[in-house]
Amino acid sequence: MELASLEQKLKHNSYPGRGIVMGLSPDKKYAVTAYFIMGRSVNSRNRIFIEDGEGIRTQAFDPAKLSDPSLVIYAPVRVLGAQTIVTNGDQTDTIYELVSKGQTFEQALRTRTYEPDAPNYTPRISGILHREDGACHYAMSILKSNEGNPDSCCRHTFTYEHPLAGEGHFIHTYQGDGDPLPSFAGEPVRVSIAGDIDTFTDTVWNSLNEENKVSLFVRFIEVATGTYETRIVNKNK
């Protein structure tokens with residue numbers, strides 16, 4: 001099956017919500033990950049990404065407009081040794097803490113469910129990228145309500161070993177705009193990873209809906225050494 005165009009997937013969805021991409025650069029030199037956030041409310045749009053150690057965190061652009069920090073202020077990216085954790089909520093900390101104690105990615109997420117934001121019950125999406133011995137692999141997860149029923153949590157984990165050159169996977173929170181917002185369905189989408197870090201960053205940022213996009217994080221990690229480059233783009237400046 002032909003790889004999907006990440007650019008087209010984003011351009012044809014006005015509100016994918018929050019999204020994670022993980023994959024491998026065309027030259028196999030870099031493990032690639034990206035995370036973006038979007039927003040419809042003032043509270044959601046009033047954010048920026050800032051660096052925090054080897055990771056990032058969200059921060060209110062205008063503190064006076066921050067009405068509820070519970071689901072909008074968190075650390076989307078943390079680094080644990082050779083592992084890069086990327087999520088759309090405070091489950092980043094859960095994964096970091098429990099994996100550091102010897103639990104698996106999946107075990108850590110068994111302690112969490114979807115977000116308590118009825119009637120949307122926004123899925124918690126997470127990814128973990130592991131680099132070791134000149135190779136990398138990654139896993140992605142989604143925790144979501146059962147077709148909007150909060151009494152049932154559906155847990156799906158997808159593991160990708162020996163990723164192929166120029167190929168990645170894309171998972172996001174919503175199928176599109178709506179009220180309530182429809183949760184992502186199916187497997188993470190196989191997408192092409194093209195260009196260097198700046199080309200890739202520009203492609204993703206420029207493909208996101210202009211009205212709804214808020215912030216973007218992109219990191220290229222050299223598979224052989226673990227050194228990395230990071231790009232952060234914020235709409236609020």
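Entry 1: I started with strand β12 (residues 213-222) and found it joined to strand β13 (residues 228-234) by 7 bridges, with the two running antiparallel. I kept in mind that this is a predicted model. I looked up serine 215 and found its bridge partner in β13 to be asparagine 234. β12 and β13 form a hairpin, and 5 residues lie between them. In the turn I noted glycine 226, with a positive phi of about 85 degrees.

**Entry 2: ring pairs.** Next I turned to the aromatic side chains, and the count came to 7 aromatic pairs. One of them is tyrosine 35 with phenylalanine 49, 5.9 Å centre to centre with 20 degrees between the planes. I filed this pair as stacked, because planes under 30 degrees apart count as such. Tyrosine 35 sits in strand β2 (residues 30-38) and phenylalanine 49 in strand β3 (residues 47-52), 14 residues apart. I checked their accessibility too, and both tyrosine 35 and phenylalanine 49 are buried.

My next pair was tyrosine 138 and tyrosine 160: the ring centres are 5.2 Å apart and the planes at 40 degrees, so I wrote it down as tilted. Tyrosine 138 belongs to strand β8 (residues 135-146) and tyrosine 160 to strand β9 (residues 149-160), so the pair ties together parts 22 residues apart in sequence. Tyrosine 138 and tyrosine 160 are buried.

I also found a cluster, in which ring pairs link Tyr30, Phe200 and Phe220.

**Entry 3: arginines over rings.** Last, I looked for charges over ring faces. Arginine 40 lies over the face of tyrosine 15, 5.4 Å from the ring centre. Arginine 78 lies over the face of tyrosine 96, at 3.6 Å from the ring centre.

Note on methods: Residues numbered from 1 in each chain as written. Predicted model: local features only at pLDDT ≥ 70, side-chain atom pairs only at ≥ 80, totals over all residues. Heavy atoms only, no water. Pairing = 2+ DSSP bridges. Helix = DSSP H or I, 4+ residues; strand = E, 2+ residues; numbered from the N terminus. Phe/Tyr/Trp six-rings, centres within 6.5 Å; stacked < 30°, edge-to-face > 60°. Buried < 20%, exposed > 50% of the residue type's maximum accessible area, 1.4 Å probe, protein only. Lys NZ or Arg CZ within 6 Å of the ring centre and 35° of its normal.
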